[in-house]
Amino acid sequence: MVSRKKAKGKARKAAKAKKEKDAHDDSLAAASQRREQEGAEAQLQMQRLLIDSLPPPCKHGFDPFPKGDICDRFVRLYLETLNSGIGVGNKVRNKIDAIVEAMKAVDKKYPEVLHDSSKMKHILSYFLSGGTGHILSGDDDDARTTSAMIVVFEECIASKVNKTKAGVHAQKFFEILIADDHTLVSFFRKRIACSCLDKKHKEVKSIKKMGFCNNKKCPLPGGKVERSKMLYCTRCRHAYYCSRDCQEAAWSDHREDCKEKAERNAKFEQEMRIRDQNQNSM
């Protein structure tokens, strides 16, 4: 029979052994935790190094406006007016009206910007960058709206500032709002200096570029027709049709607008001839 003294000694040894084992296990666990933490820190450091080595995100040719710059105020007013006009429906008609009103707002408050080619070039680069970003992120509808804004700006600059056109070509404005993916991507790709849309362009270049017929009762779905097959009014050079039949059917609606644009074109061409003659005689 084991004496009480020996039993107590064994119990003390067992408790001591358990304590030492627990301490050893704790030490192993702490060491393992430290290794895991060190590994996580090393991985995080490696990620940071990789991120630091990557080039900054492409701005597609846009340099941010200086703080308080008039171009920044111009864009803010334009977008505020546009967004309040588009409303909840986000329909094409709403977009057309909103873009027109936004243009009127900036023309009223910042007319000097609209007539400054360098400032407008900077502003256009902002919208081109934004539209390119929309395409890359899959927001094609927003890209179409942005492209329509750019078309209006470009047409206004050409007609009012550079005096190279008689007026705004409404057909371009309407078509880009409902553009197919090929037309949309090509629109931005040829206006940006970077190659960010090259891959996307390869994906969509097989899609046929479409236009729309100016006959309100065109029998084609949505009035859309392959652009290479379209006819245009040779008098005003602004209205396009899918066929001769549609052109004749739309004549009663087009007659007055055609007359106005043809007279404007003739006046502009006459002014250009006089200007060229004056320059040649100097």
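## A polar contact at K165

The side chain of K165 makes a polar contact of 2.8 Å with the side chain of E155, where a polar contact is a pair of N or O atoms within 3.5 Å, of which, within protein, one must be able to donate a hydrogen and the other to accept it, and where residues adjacent in sequence count only if both atoms are side-chain atoms. This is a predicted model, in which local features need pLDDT of at least 70 and side-chain atom pairs count only at pLDDT 80 or more, while totals for chains, interfaces and linings use all residues. Residues are numbered from 1 along each chain as its sequence is written, and side-chain values use heavy atoms, with hydrogens and water left out.

K165 lies in the loop between α6 (140-161) and α7 (170-177); helices (H or I, at least four residues) and strands (E, at least two) are DSSP runs, numbered from the N terminus. With a relative accessible area of 22%, K165 is partly exposed, given that buried means under 20% relative accessible area, exposed over 50%, and partly exposed in between (1.4 Å probe, protein chains only). Not counting residues up to four places away in sequence, K165 touches E155, A158, S159, K172 and F268, a contact being heavy atoms within 4.5 Å. K165 and N265 are 100 residues apart in sequence, yet their C-alpha atoms are 8.4 Å apart in space.

## Helix α6 against α5

Helix α5 (residues 117-136) packs with α6 at an angle of about 160 degrees, with the axes 8 Å apart; axes are lines fitted to C-alpha atoms, for helices over the stretch in contact, and angles run from 0 to 180 degrees between N-to-C directions. The two helices, α5 and α6, are therefore roughly antiparallel to each other, since angles under 35 degrees count as roughly parallel, over 145 as roughly antiparallel, 65 to 115 as roughly perpendicular and the rest as oblique.

On the α5 side, M120, L124, F127, L128, G131, H134 and I135 meet D140, D142, A143, T146, M149, I150, F153, E154 and I157 of α6. By class, the residues of this contact of α5 with α6 divide into 10 nonpolar, three polar and three charged, with Ala, Val, Leu, Ile, Met, Phe, Trp, Tyr, Cys and Pro counted as nonpolar, Asp, Glu, Lys and Arg as charged, and the others, Gly among them, as polar.

## Helix α6 against α8

The axes of α6 and helix α8 (residues 181-189) come within 11 Å and cross at roughly 55 degrees, which makes α6 oblique to α8. The contact is made by D140, A143, R144, T146, S147, I150 and V151 of α6, together with D181, L184, F187 and F188 of α8, and six nonpolar, two polar and three charged residues take part in it.

T146, placed in helix α6, is buried, with a relative accessible area of 7%. Leaving aside its neighbours within four places in sequence, T146 is in contact with F127, G131, H134 and F188.

## H60 and the whole chain

H60 is found in the loop between α1 (4-53) and α2 (70-86), and at 10% relative accessibility H60 counts as buried. Its contacts, not counting residues up to four places away in sequence, are S129, T132, G133, L136, I192, C194 and C196.

The chain has 11 helices and four strands, and of its 282 residues 34% count as buried. Among contacts in the chain between residues at least 6 apart in sequence, 63% join residues at least 24 apart.
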